[in-house]
Amino acid sequence: MQCNEITNKKEVPAELTVEIEKLSNLGFGIARFNNYVIFVENSCPKDKVRIRLTKKNKSYANAVITEIVEPSPYRCKPVCPMQKVCGACQLQFIDYKFQLEQKKLIVEDALYGLNIKVNNVIPSPKITEYRRKIQYPVSETRDSKRIIAGYYKQSSHELVNIKYCPIQPKTCDVIIDYIRTKAKEFNISGYVEKNHSGDLRHVVIRSSEYNEKNLVILVINSQKVADKVKELAHSIFTELENIAGVGINLNPQKTNLILGKDTFVVEGNGFIEEKLCDKIFKVGADTFFQVNPLSANNIFEYVKKYISNNFKKPIILDAYAGITAFGICLSDIAQKVVSVEEVKSSVDLAHGIIKENGINNIELNNIDAGKFFEQEISTKGRHFDITILDPPRKGCTKESLDYALKLTKSKIIYVSCNPSTLARDLKYLVEHGCKIESVQPFDMFPHTYHIENVAIINI
Ligand SMILES: C[S@@+](CC[C@H](N)C(=O)[O-])C[C@H]1O[C@@H](n2cnc3c(N)ncnc32)[C@H](O)[C@@H]1O
């Protein structure tokens with residue numbers, strides 16, 4: 001067989017022993033039978049394992065471990081007893097330093113062919129209790145109707161009732177446990193997805209790293225149950241410590257989206273406060289805000305340091321701005337910041353944050369980024385020294401990248417939570433004459449396969 005020939009899937013035995021080479025971008029171990037790729041669940045690079053194939057495709061298969069023949073030296077004891085059943089932290093059984101090395105490889109693999117040097121990953125300042133946004137689906141047991149809340153098993157909608165989660169603050173466990181117990185007292189049932197029935201669908205908590213206060217949102221299935229859920233909200237607010245506010249969100253749709261359109265604050269405030277780059281931010285339930293504020297702060301400080309070392313009072317465009325976190329952090333070193341964000345509630349919050357922090361050089365625009373870019377080019381004729389692009393996981397459209405190239409005089413700083421769309425967009429920019437100066441990964445989500453990157457691009 002030639003070494004680049006892929007084995008026919010029929011030749012791959014249903015059970016075999018393999019050595020895991022590295023991790024895939026979705027956190028599965030990669031093994032090979034000749035050149036046929038096998039993605040192995042819950043495996044660690046350098047494991048020698050006996051596996052059983054669960055699905056065979058033309059060019060790859062999925063598999064589970066039936067026996068660990070020789071464990072990888074990078075295996076460690078997970079901090080969470082539920083790690084094997086809960087689908088939230090795929091990599092928790094892998095030593096943290098080695099997780100970072102593997103994440104760097106994931107970025108390098110995604111950027112393969114672009115000739116870009118990827119820096120070492122900057123670790124998360126905390127690897128437990130780092131996750132400050134919690135979204136627990138709620139349901140109930142079939143017979144006893146006991147309320148359960150937790151995360152889904154990997155690749156399923158089977159709910160694992162989680163009493164203790166080490167990656168989120170301990171107060172969140174206390175709040176969730178209180179809701180589990182008290183819901184019954186107020187005659188509130190858990191949501192049953194199959195029949196689209198029951199009262200309480202989700203509990204969403206925003207927990208402040210800055211002052212440990214919590215915003216609790218109870219997501220309900222029908223307006224009819226609002227009164228009894230208000231009583232639960234009152235009880236949470238008065239009986240538990242460190243509650244900034246409690247709200248109710250109405251989501252009657254058959255959908256995987258967690259929050260519906262309308263959130264009503266029932267008790268206290270509809271936001272928590274966070275501190276980034278010495279500025280205080282207000283963050284609501286449905287506001288986009290990084291879930292790991294300490295790691296996010298590292299990113300904002302990194303970008304700020306880069307800009308202050310290379311520019312004197314630049315004009316900055318902050319696109320896909322959320323609550324304008326970049327713009328606000330950079331306002332001290334900029335002549336002017338122009339921000340663009342399509343979600344109105346985020347822009348409203350940004351207005352308040354700017355006022356409260358005494359900032360007067362930021363212009364906020366509540367509009368689709370593509371439309372904004374088009375208007376700037378066709379009618380306003382402004383140009384920006386630096387454009388920050390921080391799009392959602394799907395990345396930027398080609399049109400948006402074209403516009404960004406036209407609007408920017410010197411550098412694009414592209415912040416991405418998805419290495420594959422980053423690679424696609426960097427390739428497009430390189431084909432249009434840009435040079436990638438650096439790619440710096442940051443670990444925002446320890447124990448998961450996710451990785452955030454900041455790419456600095458010269459145009
Ligand atoms: C990854 S978040 C980044 C937010 C912000 N830069 C931060 O770090 O907090 C992406 C943001 O882009 C916004 N967004 C998505 N598509 C957009 C579009 N077409 N036009 C404007 N904003 C958009 C989302 O609402 C979200 O706030």
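In which crossing, left-handed or right-handed, does H7 pass H8? The crossing is left-handed, a term used where the near helix is turned anticlockwise from the far one by less than a right angle, clockwise being right-handed.

1. The model is predicted: local features need pLDDT of at least 70, side-chain atom pairs count only at pLDDT 80 or more, and totals for chains, interfaces and linings use all residues. Residues are numbered from 1 along each chain as its sequence is written, and side-chain values use heavy atoms, with hydrogens and water left out.

2. Helices H7 (residues 369-380) and H8 (residues 398-407) pack at about 35 degrees, their axes being 10 Å apart. Helices here are DSSP runs (H or I, at least four residues), numbered from the N terminus. Axes are lines fitted to C-alpha atoms over the stretch in contact, and angles run from 0 to 180 degrees between N-to-C directions.

3. H7 contributes Gly370, Phe373, Glu374, Glu376 and Ile377 to this contact, and H8 contributes Ser400, Tyr403, Lys406 and Leu407 (contact: heavy atoms within 4.5 Å). These residues comprise 4 nonpolar, 2 polar and 3 charged (Ala, Val, Leu, Ile, Met, Phe, Trp, Tyr, Cys and Pro are nonpolar; Asp, Glu, Lys and Arg charged; the others, Gly among them, polar).

4. Around the ligand are 17 residues, of which Tyr320, Glu341, Asp368, Ala369 and Asp390 come nearest (a heavy atom within 4 Å). The shell has 11 nonpolar, 2 polar and 4 charged residues.

5. A side-chain N or O atom of Glu341 is 2.7 Å from a ligand oxygen atom. A ligand nitrogen atom lies 2.7 Å from a backbone N or O atom of Ala369.

Notes:
Helices (H or I, at least four residues) and strands (E, at least two) are DSSP runs, numbered from the N terminus. A polar contact is a pair of N or O atoms within 3.5 Å; within protein, one must be able to donate a hydrogen and the other to accept it, and residues adjacent in sequence count only if both atoms are side-chain atoms.
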